[in-house]
Amino acid sequence: SRPAGSSPDLEDRLHQRLKAQGIIIKEILEEERAAIPMGGQDPIVPQRTVGVGSCASHIHPASGYMVARALEMVPDIAAAVAPKLKSLRSKVDSGQILTAAELESVSEAGREANWPA
């Protein structure tokens with residue numbers, strides 16, 4: 001792939017596009033600079049933290065965007081994890097200590113929803 005463009009060059013190109021569309025900038029309220037990681041390694045499995053979005057390598061390889069994919073995945077992950085958490089809550093409420101295997105089952109349900117086989 002090509003090297004990343006410089007910030008001044010990208011800003012200039014943005015202003016050219018806005019001008020071509022007839023959009024006039026009246027005031028810049030805030031500027032944001034960010035580096036979007038492209039690709040990266042998958043999360044370490046097993047781990048109890050279930051990654052979503054860029055933490056789960058859900059980054060589009062061409063655009064670098066991941067917000068839509070993350071928002072798409074979150075309801076599925078929540079639906080998979082919620083019943084596990086609900087069943088473990090009763091144990092906690094009764095004063096029982098949760099085992100590592102029980103905690104791992106919650107993460108496993110999240111991972112399976114995040115990366116279906």
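I began with the surface, and found that the protein exposes about 9,300 Å², of which carbon and sulfur atoms supply 58%; accessible areas here come from the Shrake-Rupley method with a 1.4 Å probe, and for residues only the protein chains shown count as cover.

Before going on I noted that this is a predicted model, in which local features need pLDDT of at least 70 and side-chain atom pairs count only at pLDDT 80 or more, while totals for chains, interfaces and linings use all residues. I also noted that residues are numbered from 1 along each chain as its sequence is written, and that side-chain values use heavy atoms, with hydrogens and water left out.

**Overall layout**

I looked up the secondary structure next and found 3 helices and 0 strands, where helices (H or I, at least four residues) and strands (E, at least two) are DSSP runs, numbered from the N terminus. Read along the sequence, the pattern is α-α-α. Of the 117 residues in the protein, 18% are buried, a word I use for under 20% relative accessible area, with exposed meaning over 50% and partly exposed in between (1.4 Å probe, protein chains only). Taking contacts between residues at least 6 apart in sequence, I found that 53% join residues at least 24 apart; contact means heavy atoms within 4.5 Å.

**Helix α1**

Helix α1 covers residues 7-20, and its 14 residues reach 20 Å from the first C-alpha to the last, close to the 20 Å expected at 1.5 Å a residue; the expected span is 1.5 Å times one less than the number of residues. Just after α1, I found Gly22 with a positive phi of about 80°.

**Helix α3 and what covers it**

I then turned to helix α3, residues 100-114, whose 15 residues reach 21 Å from the first C-alpha to the last, close to the 21 Å expected at 1.5 Å a residue. Its buried residues are Glu102, Glu104, Val106, Ser107, Ala109, Gly110, Arg111, Ala113 and Asn114, and what covers them includes α2 (67-93).

Which residues make up the largest nonpolar core? I found 6 residues in all, namely Met73, Ile77, Val81, Leu88, Val106 and Ala113. The elements that give two or more residues to this core are α2 and α3, and the largest share, 4 residues, comes from α2. For the term itself, a nonpolar core is a set of buried Ala, Val, Leu, Ile, Met, Phe, Trp, Tyr and Cys residues joined through side-chain atoms within 4.5 Å. As background I wrote down that in soluble globular proteins, nonpolar side chains tend to be buried together.

**Salt bridges**

How many salt bridges are there? The count comes to 3, a salt bridge being a side-chain nitrogen of Lys or Arg within 4 Å of a carboxyl oxygen of Asp or Glu.

In one of them, the side chains of Arg89 and Asp93 meet at 2.9 Å, N to O. These two are separated by about one helical turn, because they stand 4 residues apart in helix α2. Arg89 counts as exposed at 53% relative accessibility, and Asp93 is exposed as well, with a relative accessible area of 55%.

Glu102 forms a salt bridge with Lys91, with the closest N and O atoms 2.4 Å apart. The pair links distant parts of the chain, Glu102 lying in helix α3 and Lys91 in helix α2, 11 residues apart. Glu102 counts as buried because its relative accessibility is 17%. I also found that the side chain of Glu102 reaches the backbone nitrogen of Thr99 at 2.8 Å, and that Glu102 touches Leu88, Lys91 and Ile97, not counting residues up to four places away in sequence.

The side chains of Glu104 and Arg111 meet in a salt bridge of 2.3 Å, N to O, and both of these residues are buried.

**After helix α3**

Is Trp115 buried, exposed or partly exposed? Trp115, placed in the segment after α3, is partly exposed, with a relative accessible area of 30%. My last entry is that Trp115 and Ile77 are 38 residues apart in sequence and 9.7 Å apart in space, C-alpha to C-alpha.

Terms used
Polar contact = N/O pair within 3.5 Å; in protein donor to acceptor, adjacent residues only side chain to side chain.
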